[in-house]
Amino acid sequence: MKYNFDKICERKNTNCYKWDTTKDGVIPMWVADMDFEVAPKIIENIIKKANHGIFGYTMIPDDYYKAEINWWKKRYNFDIKKEYILPTTGVIPSLSSIIQTFCEKGDKVLIQSPVYHYFNISIKNNDCEVVTNNLIYENNSYKIDFEDFENKVKDEKVKLFILCNPHNPASRVWTKEELQKMGELCVKHNVLVISDEIHRDLVFKDYKFTPYASICEEFLKTSITCTSATKTFNLAGLKASNIIVENKDLRVKLSKTLNKNEISSLNIFGIESTLSAYEFCEDWLDELLIYLEKNKDFLLEFIEKNIPDLKVVEAQATYLLWIDISKLNIKSVEFTKKLEDIGKVRVISGATFGENGDNFIRVNIACPLEVLKEALSKLKITVNSIKDNI
Ligand SMILES: Cc1ncc(COP(=O)(O)O)c(C=O)c1O
């Protein structure tokens with residue numbers, strides 16, 4: 001390995017949301033960022049920019065767009081053009097602007113629960129109604145209830161479907177067939193698909209990510225894709241992302257909202273880091289994926305051998321593992337509280353991601369293996385303590 005993912009990096013007292021809002025002595029495995037140092041080339045290029053010493057108004061250079069275009073082509077064989085790309089300061093601000101552009105007050109937006117909770121928040125913040133197509137939990141994984149999906153998209157008030165591709169927290173990499181089926185129903189019922197592909201690069205080795213818009217011309221023209229280098233390369237604090245919109249009519253409308261909301265001007269370091277990541281750091285990502293796979297395998301084996309009351313849902317993507325705690329007969333909020341109090345580990349309750357997430361917890365494994373080992377032994381102590389007190 002060229003890069004050292006075992007290195008323990010001190011994040012306390014750095015205004016780190018994940019660590020500095022967590023009590024001393026507690027291992028934070030909640031917020032979705034990684035405890036790994038960023039790829040050296042990104043740091044080097046940021047330092048170069050910083051050393052210039054002037055941080056005035058800045059432009060997004062052509063190379064930034066080229067880097068995004070090349071990444072899609074190189075890793076996913078998906079051809080996009082510069083004019084499709086609308087840079088923004090984050091995927092969630094983008095989703096908000098998309099909802100504002102294509103929905104009116106009281107319109108409905110479809111999501112698939114359990115799902116990243118900011119979808120819900122963003123829809124409600126923009127005075128729209130959340131409609132849920134609950135995923136079906138079966139055989140240790142999730143699948144789509146297509147009958148319910150069609151019933152939901154049929155509703156004329158449903159204007160958008162926010163697809164999480166790959167899915168956080170269900171850890172599913174949707175297959176081309178699944179995407180096709182959902183897409184056909186959305187096209188049939190005139191529902192615009194917003195594909196959040198922020199986790200596209202974080203896919204385990206036996207699975208293949210399919211960009212929704214790459215499936216066919218019709219999907220390309222009736223969808224908007226949101227993506228970012230921030231999850232893949234651990235750059236969330238630098239606030240840079242891209243929206244991909246082929247359809248000019250949609251793009252013009254959306255651009256107006258982005259300008260109105262002032263979220264199209266990226267900061268110097270957001271631009272530099274995204275560009276550097278895509279251009280120079282693919283080898284870092286390839287090693288990261290090997291490391292995450294190792295962490296995931298370790299966790300699977302540990303839980304199977306030592307905490308058989310827990311069941312890890314099949315992990316296909318993201319570094320966020322979804323663990324079934326239903327055998328313990330305890331609600332996820334209570335479980336996470338006990339895990340923090342007894343085990344000194346902070347994870348997120350499944351209920352955060354929707355009512356049907358309540359038998360689960362979400363655990364972030366993007367940390368050095370040593371830390372993961374310690375957290376797992378504490379998880380075991382907590383589960384034993386809960387069982388002793390039943
Ligand atoms: C599916 C999904 N979308 C968006 C985000 C956040 O994106 P951003 O930080 O660019 O707003 C996350 C973060 O965890 C996520 O999991």
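Which pocket is the space taken by the ligand? In this predicted model, that space is the largest pocket. The legends below describe close-up views of the ligand site and of selected loops.

**Figure 1. The shell of residues around the ligand.** The residues surrounding the ligand are Ala-32, Gly-90, Val-91, Ile-92, Pro-93, Tyr-116, Cys-164, Asn-168, Asp-196, Ile-198, His-199 and Lys-231. By class, this shell consists of seven nonpolar, three polar and two charged residues. Helix α4, which spans residues 91-102, makes the greatest contribution to the shell, supplying three residues.

Figure 2. For Val-91, a backbone N or O atom is placed 2.7 Å from a ligand oxygen atom. The side chain of Asn-168 has an N or O atom at 2.8 Å from an oxygen atom of the ligand. In the case of Lys-231, an N or O atom of the side chain is 3.1 Å from a ligand oxygen atom. On its own, the ligand has 400 Å² of accessible area, of which the protein covers 90%.

**Figure 3. The loop that holds Lys-239.** Lys-239 is located in the loop that connects α9 (230-233) with β10 (241-244). When its neighbours within four places in sequence are left aside, Lys-239 contacts Thr-88, Thr-89, Leu-266 and Asn-267. Between Lys-239 and Ser-273 the C-alpha to C-alpha distance is 10.0 Å, while the two residues are separated by 34 residues in sequence.

**Figure 4. The cis peptide bond between Ser-113 and Pro-114.** Ser-113 and Pro-114 are joined by a peptide bond in the cis form, with an omega of about 0°. Pro-114 belongs to the loop between strand β3 (108-111) and helix α5 (117-125). Tyr-116 is one of the residues that surround the ligand.

Figure 5. The loop between β7 (158-164) and α7 (176-188) contains Pro-166. The peptide bond leading from Asn-165 to Pro-166 is cis, and its omega is near -5°. Ser-171 also has its place in the loop between β7 and α7. The phi angle of Ser-171 is near 65°, which is a positive value in a residue other than glycine. Asn-168 is among the residues around the ligand, and an N or O atom of its side chain lies 2.8 Å from a ligand oxygen atom.

Technical notes: Residues are numbered from 1 along each chain as its sequence is written. This is a predicted model: local features need pLDDT of at least 70, side-chain atom pairs count only at pLDDT 80 or more; totals for chains, interfaces and linings use all residues. Side-chain values use heavy atoms; hydrogens and water are left out. A residue is near a molecule or strand if one of its heavy atoms lies within 4 Å of it. A polar contact is a pair of N or O atoms within 3.5 Å; within protein, one must be able to donate a hydrogen and the other to accept it, and residues adjacent in sequence count only if both atoms are side-chain atoms. Accessible areas come from the Shrake-Rupley method with a 1.4 Å probe; for residues, only the protein chains shown count as cover. On a 1 Å grid over the protein atoms alone, a cavity is a set of points where a 1.4 Å probe fits but cannot get out, and a pocket is an open set with protein on both sides within 12 Å along at least five of seven lines; lining residues have an atom within 4 Å of a point. A molecule sits in a cavity or pocket if more than half of its atoms lie within 2 Å of its grid points. Helices (H or I, at least four residues) and strands (E, at least two) are DSSP runs, numbered from the N terminus. Ala, Val, Leu, Ile, Met, Phe, Trp, Tyr, Cys and Pro count as nonpolar, Asp, Glu, Lys and Arg as charged, and the others, Gly among them, as polar. Contact means heavy atoms within 4.5 Å.
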